[in-house]
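Subject: Structure handover, with notes

Hello,

Here is the structure for you to look over. Please open it alongside these notes.

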Amino acid sequence: MAQKISNLPVGAKVKDNLSKYNGKPVIWKIADKNHSGYPSNTVTLISDKILSIKAFDAMENRNSDSNRRSYGNNNYKNSNLLQWLNSGSSNWYSAQHGADAPPNSSNTSYNPYDSEPGFLYNFSSDFKNAMVSTSLKTARHSLDGGGSETVTSKIFLASTTEVGLANEGGIAEGTKFPIFDGDESRKAKPTAEAVSKSNYTSSSLNASSPWWWWLRTPYASYSYGVRIVSSDGSLDWNSAYNGSNGVRPLCNLKSEILVSNSTDSDGAY
């Protein structure tokens with residue numbers, strides 16, 4: 001027996017056993033259904049755990065801005081991370097602008113991923129076909145024109161607004177997801193695979209403890225700063241090239257997708 005994914009409550013876990021990252025099916029959590037401003041008849045999923053430890057964007061040694069040369073670029077639309085998340089190719093990287101650079105060992109502080117296949121490489125065709133392109137309001141640093149722009153993709157990152165934190169520079173990037181109602185709700189632990197594959201090591205980085213994870217929101221004060229959710233669930237920021245922060249992607253699926261009527265050993269439908 002099966003039921004529509006839209007029948008499940010917000011907060012329920014779902015997974016597709018044929019869609020894997022680091023050799024394990026990705027377990028998702030329902031962040032909302034028919035979320036305000038999102039495509040109609042969709043269910044929004046966010047990974048239940050941090051799936052990987054990666055930089056947001058590489059240092060760009062040809063950038064005219066000295067900070068972006070040294071610490072990476074906080075423009076979400078052109079970020080390495082967004083491109084990687086939306087690729088199913090083994091050779092995913094291509095320059096998004098004239099000064100763009102790949103996230104290799106020379107351009108990131110930890111965990112280069114220019115030679116890693118795209119996030120969707122081991123996802124099933126059914127899951128990829130079920131994802132709905134989503135256009136998101138995203139703040140921009142003044143070097144990129146300031147204000148905000150619309151970024152469209154199938155896999156994306158949450159904004160400060162969407163996780164219930166401050167609107168950067170007074171710009172509301174969407175609306176809050178109901179699953180986020182305080183610091184505790186924003187805490188996320190990494191998977192064991194994310195920890196074991198990371199060349200950044202720390203006693204605090206383990207599968208039993210919350211860790212920092214990237215948002216799409218730029219830190220308005222610096223051209224290289226990107227907002228993150230701290231390990232305690234509060235608002236923080238880090239340099240784009242810093243490869244010690246976690247990745248917690250989101251996507252929208254069509255509401256009529258079918259899931260099981262009961263949960264499995266992971267608590268997922």
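Below are the notes on aromatic pairs, charges over rings and one glutamine.

First, the ground rules. This is a predicted model, where local features need pLDDT of at least 70, side-chain atom pairs count only at pLDDT 80 or more, and totals for chains, interfaces and linings use all residues. Residues are numbered from 1 along each chain as its sequence is written, and side-chain values use heavy atoms, with hydrogens and water left out.

**Aromatic pairs**

The whole structure holds 24 aromatic pairs. Rings of Phe, Tyr and Trp (its six-membered ring) pair if their centres lie within 6.5 Å; planes under 30 degrees apart are stacked, over 60 edge-to-face, and the rest tilted.

One of the pairs is Tyr21 with Trp84. It is edge-to-face, at 5.7 Å centre to centre and 75 degrees between the planes. This pair links distant parts of the chain: Tyr21 is in strand E2 (residues 13-21) and Trp84 is in helix H2 (residues 80-85), 63 residues apart. Helices (H or I, at least four residues) and strands (E, at least two) are DSSP runs, numbered from the N terminus.

Trp84 also pairs with Tyr113. Their ring centres are 5.8 Å apart and their planes are at 70 degrees, so this pair is edge-to-face too. Tyr113 lies in the loop between H2 and helix H3 (125-130), 29 residues from Trp84.

Buried means under 20% relative accessible area, exposed over 50%, and partly exposed in between (1.4 Å probe, protein chains only). Trp84 has 1% relative accessibility. Tyr113 is buried as well, at 0%.

One aromatic cluster takes in Tyr21, Trp28, Trp84, Trp92, Tyr93, Tyr113, Phe119, Phe123 and Phe127.

**Charges over rings**

Lys54 has its charged end over the ring of Trp84, 4.4 Å from the centre. Arg248 does likewise with Trp213, at 4.8 Å. The test is NZ of Lys or CZ of Arg within 6 Å of the ring centre and within 35 degrees of the ring normal.

**Gln83**

Gln83 is in helix H2. It is buried, with 15% relative accessible area. Beyond its neighbours within four places in sequence, Gln83 contacts Trp92, Tyr93, Ser94 and Gln96 (contact: heavy atoms within 4.5 Å). Trp92 and Tyr93 belong to the aromatic cluster above.

Best wishes
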